[in-house]
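Here is a short note for a colleague who wants to look over this structure. Please read the points beside the coordinates.

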Amino acid sequence: MWVLLNNDNFQGIFVSFSVKLERLLQHYHDLRDALATSTVSDPQEYAKLSKEYADLTPIADAISLLKNTEQEMASLEELLADPVIDKDMRDLASLELQELKAKLPDLELSIKIRLLPKDADDERNVILEVRAGTGGEEAALFANALLRMYQRYAANKGWKFEMLDMNETGIGGIREASASITGKGVYARLKYESGVHRVQRVPETEASGRIHTSAATVAVLPEVEDVDIHIEDKDLVIDVYRASGAGGQHVNTTDSAVRITHVPSGIVVTQQDERSQHKNRAKAMKILRARLYEAERVRKDAERAANRKSQVGSGDRSERIRTYNFPQGRVSDHRINLTLYKIQQIMEGEALDEMINALIAEDQAAKLAEAAEV
């Protein structure tokens, strides 16, 4: 049962809805009994079943609430069918029944959303990459503002934000930067941020007060381990050199900077923030694994694209996803046609959740519509 709910095939998810809920609830109770009676002796199997039980608990609770609501409705309907009850009791029961009926669609929707196939990477940590695009120094300044936005958003969420690499322009901008963000459900929320972010504002260096348009690219990559993606040593070309930076920053007297080229894919990763060559190599390999894993995700998504109606959260870095208009104080997400006049709060990371919550809701609605049509 649980395998069906977690694969990419939507077929059959909402067929015989009540039957599937009964089966899932029974499976949940079987898991509970097996764990409670210690009939599972293998520690690894026990850990696996414990995780499945924990994952199923919110769904089982929602199903139980739905069943209890349906039972209460049945009892009230039976009461209303009794010709001898007095008017006050009938009015009270009728009102309560209407209230329960009104709750029913939301309860069912909540369960259907929980039953949607999960993105296997949702609980992963991420590698965040921000690059300045068109617009020269203004684009570099905007890229740095985006990086700060995500740093503040991570702090608000209680996530750990660690800079991996930063190529600064020297006057407050960045050409590119990468960071590691760790915490609960990081990728599930940040995956919608991949794409081109456009800014419209008057640059500080603009004497005439004209509004300029520039852009930065954001990539959110699920962080993976060696066991997730295997990289052959023969496929790597590793160069070491002396680190350097704007204004003499990060300058080293030893060959500590590392450049790793993955020959089959052509991906190149450089790392020079650490004084240790070993640490720079470890960070570069972490980024390389994430980029290779993401490339494979994109390839698989492209194969399924013909059958997908929604591209929300597709992670296409060439797609213009959002515009930040400072003179009008608005931020517009073009994928869902949502505009919020809260640009300062969003740039501070405080109101970014409003955007992300709307994107998640749109993604869920699209998947529900797809499932219903199958």
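This is a predicted model: local features need pLDDT of at least 70, side-chain atom pairs count only at pLDDT 80 or more; totals for chains, interfaces and linings use all residues.

1. **The eight-stranded sheet.** Eight strands make an open sheet with mixed pairing. Their order is β2-β3-β1-β5-β4-β9-β10-β11. The edges are held by β2 (160-168) and β11 (338-340). Each of these two has a single partner strand, so one side of each lacks a neighbour in the sheet. On average, neighbouring strands here are turned by 20° against each other, direction ignored.

2. β4 covers residues 195-201, and β5 covers residues 212-222. The two pair in the antiparallel sense, over seven bridges.

3. **The three-stranded sheet.** A further open sheet has three strands in the order β6-β7-β8. Its pairing is antiparallel. Here β6 (236-241) and β8 (267-271) are the edge strands. Each has a single partner strand, and therefore one side of each is left without a neighbour in the sheet. Neighbouring strands in this sheet are turned by 15° against each other on average, again with direction ignored.

4. Strand β7 spans residues 257-262. Five bridges join β7 to β8, and the two run antiparallel. His262 faces Ile267 of β8 as its opposite residue.

5. **Helix α5.** Does the length of this helix agree or disagree with its residue count? α5 has 22 residues, 136-157. At 1.5 Å a residue, the span should be 32 Å. The end C-alpha atoms are 32 Å apart, so the two values agree. Just after α5 comes Gly158, with a positive phi of about 80°.

6. **The largest pocket: size and centre.** The volume of the largest pocket is about 1200 Å³. It is lined by 28 residues. Closest to the centre are Lys118, Asp119, Asp122, Glu123 and Ala188.

7. **The largest pocket: lining.** Which elements give two or more residues to the lining? They are α1 (2-6), α3 (43-80), α4 (87-115), α6 (186-190) and α9 (352-373). The largest share, six residues, comes from α3. What is the make-up of the lining by class? There are 15 charged, ten nonpolar and three polar residues.

How values were computed:
Residues are numbered from 1 along each chain as its sequence is written. Side-chain values use heavy atoms; hydrogens and water are left out. Helices (H or I, at least four residues) and strands (E, at least two) are DSSP runs, numbered from the N terminus. The expected span of a helix is 1.5 Å times one less than its number of residues. On a 1 Å grid over the protein atoms alone, a cavity is a set of points where a 1.4 Å probe fits but cannot get out, and a pocket is an open set with protein on both sides within 12 Å along at least five of seven lines; lining residues have an atom within 4 Å of a point. Grid points are joined across faces, edges and corners, and a volume is the space filled by probe spheres set on the points. Ala, Val, Leu, Ile, Met, Phe, Trp, Tyr, Cys and Pro count as nonpolar, Asp, Glu, Lys and Arg as charged, and the others, Gly among them, as polar. Two strands pair if DSSP finds at least two bridges between them. Axes are lines fitted to C-alpha atoms, for helices over the stretch in contact, and angles run from 0 to 180 degrees between N-to-C directions.
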